[in-house]
Amino acid sequence: GEVRIWSCPSGSGLSSGINAEYGEESKKQWKMNKYLSDRTPLNRDTEDGRHQTCRERTYQRDMPKASVVMVFYNEALSVVLRTVYTVIKESDPRLLHEILLYDDFSTIDELKAPLERHTENLPVKITIVRAPDRGGLVKARLFAARAATGEVLVYLDAHCEPTPGWLEPLLEPIAKNRTTVTAPSLDDINWQTLTYSGADTIWVIGGVNWLMNMLWAPIPQREMKRRQREDPYPVTANIRTATMAGGLFAMDRLYFKELGEYDEGMGVWGGENMELSFRIWIKQWYQRRVRGWFLFGAISNAP
């Protein structure tokens, strides 16, 4: 039942050696430091930024297995692989049904045979689905969900590094109530240095303004009181939220279908945030942001 850890292909990364000049060139092309990423271990240790109470919590043993779904288009191979490796390294293998990689018609060669070569002998089922043409982010996420076979869909961006204990708190609320949707608190991976830093989003909830834009707002006092009343560990209790990011969340796979999935006609990035939140509202259930238990870094692109 222990998490299995192995060495990345070259021990240090896909390449070795650092050159500042090439690093600057890679930032211009990739909007992040690909040169440094290619020289950073694929299974590097991730910082455990959880509250001490989070680390001490225990979870029920009977939980659904997850299909971790990642969509990518022309991302750096080392970034995609580091996401895959870290998901496996930081997950209880009993909870990980598969990692599904959906390629939205990438054009760069390193995401073809090299990606398949680096993922063919991993200790978790890796499913790579290639789109026949470019569908866009929302369609790609939709088609990826339809190809998944796990009990729960866990959507991640292909440039994340989950930290220790990330998966259990996403799955346990769903195990207790399959109509619950869980979403993570996101930390940051610096696009230039790839260093990890904590974020303050654990103290806010999702909201919406009259322009139908998602926004973050302070946690209301009524929610703080509910957490203190209902959870013996209120500092690490889930946070009920009105809206959530539409691309990083966990949801029962069949419930996702019952909600109507994503709108195939949606072509604007960000609209999925409102769409899924409203679908859940209509069903008269609620979403939860996982407080403290689940912290991972997501690379923020260069301006």
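How many residues does helix H10 have, and how far does H10 reach from its first C-alpha to its last? I looked this up first. H10 (residues 271–282) has twelve residues and reaches 17 Å, close to the 16 Å expected at 1.5 Å a residue. The expected span is 1.5 Å times one less than the number of residues, and helices are DSSP runs of H or I with at least four residues, strands runs of E with at least two, numbered from the N terminus.

A note on the source: this is a predicted model, where local features need pLDDT of at least 70 and side-chain atom pairs count only at pLDDT 80 or more, while totals for chains, interfaces and linings use all residues. Residues are numbered from 1 along each chain as its sequence is written, and side-chain values use heavy atoms, with hydrogens and water left out.

Next I checked burial (buried is under 20% relative accessible area, exposed over 50%, partly exposed in between, with a 1.4 Å probe and protein chains only). In H10, the buried residues include Met 274, Leu 276 and Ile 280. For helix H4 (residues 77–89), I found 13 of its 13 residues buried.

Then I turned to the rings. I found four aromatic pairs in the whole structure (centres within 6.5 Å; planes under 30 degrees apart are stacked, over 60 edge-to-face, the rest tilted). Tyr 155 and Tyr 262 pair edge-to-face, at 6.0 Å centre to centre and 75° between the planes. Tyr 155 lies in strand E4 and Tyr 262 in the loop between H9 and H10, so this pair ties together parts 107 residues apart in sequence. Both tyrosines, Tyr 155 and Tyr 262, are buried.
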